[in-house]
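I have a structure open and a notebook beside it. I will write down what I look up, one topic at a time.

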Amino acid sequence: MGGKVVICTLVFGFSLGAIYAQQVEIPREKSGTVGSPTKRVAAQPIVEVHSLKVALVEPRKLSVEQMRQAGAVAAEKVKEEDHDIEEDLSMPDLPPPAPKKQVTANTMRPVDRPASAGTTAGRNSPESQPLPPPVQSLSFSSQSALTRLADGFDLPIGKPDARGYYKARGFKSHGHMGEDWDGVGGGDTDLGDPVYCIGDGIVVFARDCHQGWGNVIIVRHAYRESGGVRNVDSLYGHLNKILVRRGQTVKRGQQIAEIGNAHGLYDAHLHLEVRKNITIGMSRDKFAQDLSNYYDPTTFIESHRRLQTNGGSYRVAMNTFSHDARINWDKLRNFSHARSGGGSSESAYALKKAVASQNAH
């Protein structure tokens, strides 16, 4: 009977100890006798940490060395986790990726992703600025260049009214497409005299053409008329010396050359042409030789002596002489050895008339 009471007491005590153990959060590591219910409960706790139930092994079953090894493993694991977190957050040795992406985008944008001038991504960001217009080179091999708008035109010799010169030969459709200006002294008395540009413009041609031309200069002009801007070319032929180069801007009344005789082919005089068609160049036989492509030089100059302009510049085409590209200038025949010995009967009559007019005055 006494044995039964003892067994019931032990079972009942163990049950009460289990119920009490569920309320304990941190176990006690006390070693006690088997006969004490309280100490038996402390030796077999069920611990709840952060809502997780963990069954711990009885401390008496773990040796001191095992507990030290378990603690070292746990500490090493925590250290590795902390190290990984620090590397992910800081990473001081790696440059930020954003600047690299920005440089690549700006470098490729004009080619691969052109944006319109009105596109903005923020007032102060580089992408908010409008892209510049395509750059147009003003080198002499380009297609255009800037020149001042002409404010008027003058005769190219004895400026401004050809004093001391006469028109030895005038303009004639399907015949003589310009004017020949000669000194009143006749012969080569005007050889080397200055030749002036008739108006503001830019030189589009300047070289020795051989044949019956000798040295030639062509100047392109832009001027306002009838509410718009027009272009015209002035040609100066048979020159003794060229004083300008292609691509050079020139002014009205600026000396650009000297009167010549086409390397001795003619008596010294200046051949002047004014062209409506700026694609003729030195290929006159490719175009109609009449007023559809040419102006009478004196008539044009006298009707355009004074022009309205604000002093601004205008872009003109440079490479318009498409037919000239086929000409091999250095292989052209030079007629300088076949001197004609003077002008035509027309020029001789003009000289007499000019001298008579001067004597009358």
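**Entry 1**

I began with strands S6 and S12. They run antiparallel and are joined by three bridges. I looked up one of these pairs: Pro194 has Glu258 in S12 as its bridge partner. This is a predicted model, and I keep that in mind for every entry.

Next I followed S12, residues 255-258, to S10. Those two strands also run antiparallel, with two bridges between them. Lys241 has Glu258 in S12 as its bridge partner. Ile242 stands opposite Ala257 in S12.

The order is S6-S12-S10, in an open sheet of three strands with antiparallel pairing. Which strands stand at the edges? They are S6 (194-196) and S10 (241-242). Each has a single partner strand, so one side of each lacks a neighbour in the sheet.

I moved on to S8, residues 215-225. Is S8 largely enclosed or largely open? Nine of its eleven residues are buried, so the rest of the structure largely encloses this strand.

I checked the pairing on the S7 side. S7 covers residues 201-208 and pairs with S8 in the antiparallel sense over six bridges. Ala206 stands opposite Ile217 in S8. The hairpin of S7 and S8 has six residues between the strands, and His210 takes a positive phi near 55° there.

Then I checked S9. S8 and S9 pair over ten bridges, again in the antiparallel sense. Their hairpin has two residues between the strands. In this hairpin Ser226 takes a positive phi near 55°.

I noted a general point about strands. In a regular strand, side chains alternate between the two faces of the sheet.

**Entry 1: Arg220**

Is Arg220 buried or exposed? Arg220 is buried: its relative accessible area is 0%, and the cut-off for buried is under 20%.

I wanted to know what surrounds this side chain. A polar atom of the Arg220 side chain lies 2.7 Å from the backbone oxygen of Ala317. Across the strand pair, Arg220 stands opposite Asp233 in S9. Asp233 is also among the residues that Arg220 touches. Others, beyond four places away in sequence, include Gly201, Ile202, Val232, Ile278, Val316, Met318 and Phe321.

**Entry 2: Phe321**

Where does Phe321 sit? Its place is in the loop between S15 (313-317) and H7 (345-360). Phe321 counts as buried, at 12% relative accessibility.

I listed some of its contacts outside four places in sequence. They include Val204, Phe205, Ile218, Arg220, Asp233 and Thr279. I looked at Thr279 again. Phe321 and Thr279 are 42 residues apart in sequence, yet their C-alpha atoms are 4.8 Å apart in space.

**Entry 3: nonpolar cores**

I turned to the nonpolar residues. In soluble globular proteins, nonpolar side chains tend to be buried together.

Which members of the largest nonpolar core touch the most other members? Among its 29 residues, they are Phe153, Ile217, Tyr236 and Ile256. I also noted which elements supply at least two residues each: S8, S9 (228-239), S12, S13 (270-275) and H6 (297-303).

I took Phe153 as an example. Beyond its neighbours within four places in sequence, Phe153 contacts residues including Ile198, His221, Tyr223, Val232, Phe300, Ile301 and Leu307. A second, separate core has 16 residues, including Ala145, Leu149, Phe205 and Met282.

**Entry 4: the whole chain**

I ended with the totals. The protein chain has 361 residues, and 33% of them are buried. I found seven helices and 15 strands. The accessible surface is about 22700 Å², with 55% of it belonging to carbon and sulfur atoms. Of the contacts between residues at least 6 apart in sequence, 67% join residues at least 24 apart.

I checked confidence last. The mean pLDDT of the chain is 72, and 56% of the residues reach 70 or more. Over residues 2-59 the pLDDT stays under 50, and the model has 31 contacts beyond four places in sequence for them. Residues 83-141 also have pLDDT below 50, with 33 contacts beyond near neighbours in sequence.

Technical notes
Residues are numbered from 1 along each chain as its sequence is written. This is a predicted model: local features need pLDDT of at least 70, side-chain atom pairs count only at pLDDT 80 or more; totals for chains, interfaces and linings use all residues. Side-chain values use heavy atoms; hydrogens and water are left out. Helices (H or I, at least four residues) and strands (E, at least two) are DSSP runs, numbered from the N terminus. Buried means under 20% relative accessible area, exposed over 50%, partly exposed in between (1.4 Å probe, protein chains only). A polar contact is a pair of N or O atoms within 3.5 Å; within protein, one must be able to donate a hydrogen and the other to accept it, and residues adjacent in sequence count only if both atoms are side-chain atoms. Contact means heavy atoms within 4.5 Å. Accessible areas come from the Shrake-Rupley method with a 1.4 Å probe; for residues, only the protein chains shown count as cover. Two strands pair if DSSP finds at least two bridges between them. A nonpolar core is a set of buried Ala, Val, Leu, Ile, Met, Phe, Trp, Tyr and Cys residues joined through side-chain atoms within 4.5 Å. pLDDT is the predictor's confidence in each residue, from 0 to 100.
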